[in-house]
Amino acid sequence: MNGPITLNHSRQELMDKVIETRKWLEEQNTVVNRDLADLYDWLVRPVEMLLPKTSGGDDVPHLIIIPSGSLYYLPFQALIWTSEDHNEHAPLIARYAISYSPSLATLKYAEARSDSANPEATFLGLADPVSNDPNLPRLPGAQTEARTVAKLFPVSSVYVDKKATEDVVQSQSATAREVLLSTHGLFNPHNPMFSYLVVSQTAKNADGKLNAYEVFSLPLHADMVVLSACETLLPSLEDMKGQIKAVRGSDDGKPVELTDDQLKELTAGDEVVGLTRAFISAGASSVLSSLWRVPSGATSYLMVSFYEHIREGMDKAEALRATELEVMNTSGYTQPWYWAAFNLVGDWR
């Protein structure tokens, strides 16, 4: 097949459908399954003939997704394939291992970074830092999560509570092959360089923030950085609406509807510079980060299982796929809200 494939839906239709899908996802409404099936038909079915065939065995093909615009908000792994007779259906992750990259250039750069990753299986974990922000609850489950993962590695260091500081990241991350930061995070779409992860406050770092612009200067040699946190890749739709209200200067009580131009500005394709891109630029060959606020119970389950599969010898995309399938088949966690939030960006091997 020569040339691009033209979709039968306009940019505005796609934008509206993505916004609707994210709305249902964030409300944990099962209606989202209808939209996920529609988006599969819109985005994947037209190119199915170009995709590697799935045999149903252990050798699962791998897809690399390079999203653009509003598609940055879409968990492709959750899109639902449906058979022609509608008797069979499955999420895309059941048929393929999936990873992402902001661009081909970033992917090439990330793959080259893997050659300089620390060869030893060393682990650095930071979890549940202390914050003076009353709107940020503590994350005691994150401490357990980090300590459990650390046991899988022969050499590990875990810093929790008041010890989970920016100084630790600055001084210890250079020697870690695997880095887990289990904390709150915020993506700032209007000034992405000020996206940040929460760390414990110190005299040196009084604001308790590890900003994206500070991440760029980290001397990383990590094969992977995992951001087990809230919205470390992109903000939720509700947070975006709150930011728009803040720009207005007051909350006049009027409902906020995200326009095409606003969402286009907030997801500007290859120009998006958030924490994920910052960690790759700093030396990580891949980053696992979240699209929305993830329930802590499901996150801990997912994180521990993911690292177990990594230590078993799976590549990162295979490990994430195996983990997501386990979570979605666990009672209480079947909806994509619980298992589809994390995207693997960069080198998938």
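**Figure 1. The open sheet of β8, β9 and β10.** Three strands form an open sheet in the order β8-β9-β10, with antiparallel pairing. Strands here are DSSP runs of E of at least two residues, and helices are DSSP runs of H or I of at least four residues, both numbered from the N terminus. Two strands pair if DSSP finds at least two bridges between them. The edge strands, each pairing on one side only, are β8 (185–186) and β10 (209–211). Strand β9 (residues 196–198) runs antiparallel to β10 and is joined to β10 by 3 bridges. Valine 198 has lysine 209 in β10 as its bridge partner. The model is predicted: local features need pLDDT of at least 70 and side-chain atom pairs count only at pLDDT 80 or more, while totals for chains, interfaces and linings use all residues. Residues are numbered from 1 along each chain as its sequence is written, and side-chain values use heavy atoms, with hydrogens and water left out.

Figure 2. Strand β7 (residues 178–182) has 5 of its 5 residues buried, so β7 is largely enclosed by the rest of the structure. Buried means under 20% relative accessible area, against over 50% for exposed and in between for partly exposed (1.4 Å probe, protein chains only). One side of β7 holds Glu178, Leu180 and Ser182, the other Val179 and Leu181, and both faces are covered. Strand β5 (residues 122–129) runs parallel to β7, and 5 bridges join the two. Leucine 126 is bridged to leucine 181 in β7. A further 4 bridges join β7 to strand β11 (residues 224–227), also in the parallel sense. Here the bridge partner of glutamate 178 is methionine 224 in β11.

Figure 3. In strand β12 (residues 286–290), 5 of the 5 residues are buried, so β12 is largely enclosed by the rest of the structure. Ser286, Leu288 and Ser290 lie on one side and Val287 and Ser289 on the other, with both faces covered. β11 and β12 run parallel and are joined by 2 bridges. Valine 226 has leucine 288 in β12 as its bridge partner. β12 pairs with strand β13 (residues 342–346) in the antiparallel sense over 5 bridges. In β13, asparagine 343 is the bridge partner of serine 289.

**Figure 4. The packing of helices α3 and α9.** Helix α3 (residues 104–113) packs on helix α9 (residues 275–282) at an angle of about 45°, with the axes 9 Å apart. That angle makes α3 oblique to α9. Angles under 35 degrees count as roughly parallel, over 145 as roughly antiparallel, 65 to 115 as roughly perpendicular and the rest as oblique. Axes are lines fitted to C-alpha atoms, for helices over the stretch in contact, and angles run from 0 to 180 degrees between N-to-C directions. Thr106, Tyr109, Ala110 and Arg113 in α3 meet Arg277, Ile280, Ser281 and Ala282 in α9. Contact means heavy atoms within 4.5 Å.

**Figure 5. The protein as a whole.** The protein has 12 helices and 13 strands. Of its 349 residues, 54% are buried. Among contacts with a separation of 6 or more, 77% are between residues 24 or more positions apart.
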